[in-house]
Amino acid sequence: MTHLGWSLTEALSLRNSSCCSKGISIKLRAYLILPELGFLLFFFVDIIVSFLEDTFLLKMALRRNGLVCCCWCRSQIWVIFLHFVIFLNIAVCQIRYTIPEEMKKGSLIGNVAQDLGLDLKRLRSGRARILTGESPQYADLKTDKGILVVNERMDREQLCGDVTPCSFSFEIILENPIELHRVIIEILDINDHSPAFKNRNINLEISESAIIGSRFNLESADDPDVGTNSLQNYMLNTNEHFIIKQHSNADGSIFAELILQKALDREINPRLSLKLIAVDDGTPQRSGTVNIEITVLDINDNAPVFNQSVYRATVIENAPIGTYMSTVNASDADTGSNGLVTYYFTNIKGGLGDLFHIDTISGILTVTGKIDFEKDKKYEIRVGAKDQGGLDDASKVIIEVIDVNDNAPLISVMSFSSPVSEDAPTGTTIAVINVKDSDSEKNGQISCSIDSFLPFKIQSSLTNYYNLLSDVVFDRETTSEYNITITATDSGSPPLSSGTTLRLVISDVNDNAPIFTKKSYSAHVVENNEPGVSIFTVSARDADWNQNARVSYLLEDTQVSGSPASTHVSINSETGVLYAARSFDYEQIKALQLVVKAQDGGSPPLSSNVSVKILIQDQNDNAPQVLYPVQTGGSLVAEMVPRSVDVGYLVTKVVAVDVDSGQNAWLSYKLQKATDRALFEVGLQNGEIRTIRQVTDKDAVKQRLTVIVEDNGQPSRSATVIVNVAVADSFPEVLSEFTDFTHDKEYNDNLTFYLVLALAVVSFLFITCLVVIISVKIYRWRQSRILYHSSLPVIPYYPPRYSDTLGTGTLQHVYNYEVCRTTDSRKSDCKVGNAGSQNVLIMDPSSTGTMQRMQSEKSILDEPDSPLEVSSIRCDCTLMLICSSFNILSTTERESSPKDESRKVDLRL
C-alpha cells in the first residue's frame, strides 16, 4: 500500500517522533476520503469500526519534554479495509495547532512533517506548499525542516473580535501522488489590553435636593480581550455619599450605576471628586481608571426679572452680520449658579432665529442674517431670561427696519408684437411693459428710457405701465431687425437701474421688384446645336425676403421670325437657364431678340424685364451650289469654241454660291479633270474657263471638263460641275461628235419606272408627315392655350430633333445674275445685277445643277433677309444648241444690236 492514508504501522511510527511543540496541544486524526463508488462501502465499514472502537482502539501516549501529543487510529479492521481499497490514490489528513496571539514572525507553530508522518524528502519531492486562497498567509512552511512558522503577526482581536474560539485554517498540498492535508490553527487570547474609558473625566451635576437612592448611570469601560482577560469588575473609592452597583447586559458586558446613599449639602460640599476603577482577571491583571467630578447644585428660589417690559431698536436694511441693535437686562436675587441668568428667544417664528442673535450671558442683540425691508418692515421678538434652576421671566423687543435703495427696478414685458410688418404706420404699439421697484418713497420712483438712435419712443400709460411705439416707417431691406434695450432707473441715491432687450423682427412686404444683374444680356450659340442645350443664364435678385424674394423666370410672348419665342428658346423658371428649344440654322435666323421676365412670389407679384440677344454663329454646314452651267438629266448643254480663237479666250464661267457667311462662303475654283488639261484653265477666284493655248485641228471636238468648287470653311465643303465644250466651227460637226451621248431606250424606260415609283413613295411620306405635323401643331396650340390661362411660367417642350416646317433652303439671300455677251464672245463677262426681268430660276436644294424657270407676278427680291427661294439669271446673249429629234431651235430673249447673236444649243437624247 502506497500513500493511501495512515496505516496502523505509520501511526505506531509516531512513537519515536516529536509531534507537539512547547505550549501547543495537537489532536491528530486521519480520514480517508474515498471517491465515487467506494464512498458507500467506506461509510458502511466506518459504522462497524466505530462500534468496535472501544475494543480495537489503540491509544498511544507519547510524552516528550513535558508535552503531550495524542493520536487515535483505527484498529486492525482499518488495516484490512485500507488494503481493500488500495486502488485509491488521494489521502487527506487534518491536524490542529493551538498558539497564543502576538507571536513574533518566524516563531515555531509545529513540526508538520513529523505530525503527518512524512519525511523531508517527501516534502521536497512533492513540492509541498500552503493553500490559503484569498486569505492572508499567517503561517509559512519550511520544507527543508518540515515545520510551520509564523509568517505574519496575528492579533486575535483583529482577526476574530469577540468570537471565541478564534481559529483559521489552510491546506498543505503535495504532488506525485497528490496528498491534501488541512491545518487548523487556533489562536489563544492573551491579556494584552487594559480596560479603558472613553473619556478621562465624568462630570455630573446633582441637585442638593436629590433623594437617597437616586441612581446615576456611569460611562462603561471597554476591554477588547475575551474570557477572563476581559472586563470583570468595577470599584469605587471610599466615600460617604455614593456606592457603586454593577449590572450585566444580555451580551455579557458589564456596566455600573452610582447610587446616592447620603443626602448632599451644597453649602458643606459644593463639589465631590470620585475615582472609578475597571479591572479584568487576566494574568497579569490590568485596570483602567476614570475621575468622577460631581457638582452639587443649589436650590433655586428666586426668578430673574427684566428691567423693561418692552425694548425698542432700529436696524438699517442689509446691515452686515454682527451689527449691534440693543441690550436686554434681567437680574436674579439668588447667589451662585441660581443667580446666573441666561438669555434666549421664546416663541420665535419663521426664520427670525436666522436673522437675529442674543448673547446668552450679556443679552446683546446682534444681526446674523440678511435684513430685507421689502419683506418685513418691523420685527417683534419675545426674549426670555432663565436662571440655572429653571425659573425665568419674559420681555418684548420691537425692531424697526430702515429702508435703503437696494432694489433695482424690475421690468416685466406684458405684451410684445414681433414680427412687425415693414409697412406698419408710425405710432404702432410694439410692446407694453410693467416696471416695479420694491423700495419705498424716492427709492421706488422710476423713469424709463431707450437708446436715442433707435426709431422708437416710449410713453407712460397707466401707473407703472409704459408703451413702446414706432417713430418711423420701417424698411426691412435697410434694417431687418432691431435690438431695443429698455432701461428703468429709480430716484434713489445712488440710483439703481435695470434693463431688458427686445428683439424686434421686421416682417417683409413685397415692395421690391426683382432686378436683373445686367441691363441687357448677349450670348452666342453655334448653329446646328442639339435641342435642349444650355445657352446661358440670366439672374435677378429681389431685395425682399422669403416667398417675396423667390424669383421665377419666364419668356415674354414675343415673335421671332414670325413664330413665338418659346418655339426657339425655353427657360428654367427656377434657375433662369436658357435652353435651345430647337436646332438653329444661321441661314434662316441670325439672331434672336428675346425679353425675359423675372417675377417674384409675392402677392401681388412684382416683375421686371430684360432684353436678351442671342447671336447665332455660322458653321460651314452648306456646300457651294453651282448656278451655271446648269446640269440637267435629259439634255446636254455644251459650250462651242471655234478653232480660230486666241489664247485666253473666255469659254464660259462657272457661277456658284455658298449660303454660309464669312470665310465659309469664300469660294475657290479648280479644274479637277479635263480631256485635255493643256487646253483650258479655270480662274481660282472667278471660275472663268479660258484657253491657255491655241486650238489646233488635232484637238478633239468633244472636250469634257470637271470643275470643283470649294469654300474656305473648316472643314471645307465642295461641289463639282461638268462643263462640256465643243471645239468646232459649225453645228454639223458638233452634232456628229455628240451623238454618242444618247442613252439606250431600255435604260430610259427603266429610269422612268423608278422615277414614278420614287414619286409615289415620296408623295405618301409627304402626306403622312403633313398629317403628323398638323396634329402636333394642334396639340401644342391647345397646350399653349391651357398654359396661357395659368399663372405659371410657360416652358415649351420640344421633342428631340424637332424642327419647324418653314423652308429650309440653303441660300439665305436672293442672288440675281445677269449674263451678257456681245458678238465677240471672247470678251463676254458676267455681272451681278438687280432683278431686271420676270424670269426667275428656282433652285432645288438637293441638287447643285437643277434649275427651273417660272414666272413670278411679284418680285421677292425686295426683301434682302428673306430665305433663299429664287434666283434669276438673265442672259443678254445666249447660244443654245438643241438636239431633239435632230431639231435645232433658236430663240432670242431680248432685243440686241444687229451685230449681237443669241444662240443656245440644247442636245436632247
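**Exercise 1.** Describe the hairpin that β52 and β53 form, and state which residue in its turn has a positive phi.

*Solution.* β52 and β53 form a hairpin with five residues between them, and Gly687 in the turn has a positive phi of about 75°. This is a predicted model, in which local features need pLDDT of at least 70, side-chain atom pairs count only at pLDDT 80 or more, and totals for chains, interfaces and linings use all residues. Residues are numbered from 1 along each chain as its sequence is written, and side-chain values use heavy atoms, with hydrogens and water left out. Strands are DSSP runs of E with at least two residues, numbered from the N terminus, and two of them pair if DSSP finds at least two bridges between them. Strand β52 (residues 680–682) pairs with β53 in the antiparallel sense over three bridges, and Glu681 stands opposite Arg690 in β53.

**Exercise 2.** Find the strand that three bridges join to β53, and name the bridge partner of Leu650.

*Solution.* Strand β49 (residues 650–653) runs antiparallel to strand β53 (residues 688–691), joined to it by three bridges. The bridge partner of Leu650 is Arg690 in β53.

**Exercise 3.** Decide whether Arg476 and Asp508 are buried or exposed, and say how their side chains meet.

*Solution.* The side chains of Arg476 and Asp508 meet in a salt bridge (3.1 Å, N to O), that is, a side-chain nitrogen of Lys or Arg within 4 Å of a carboxyl oxygen of Asp or Glu. Buried means under 20% relative accessible area, exposed over 50%, and partly exposed in between (1.4 Å probe, protein chains only). Arg476 is buried at 11%, and Asp508 is buried at 15%.

Conventions:
Helices (H or I, at least four residues) and strands (E, at least two) are DSSP runs, numbered from the N terminus.
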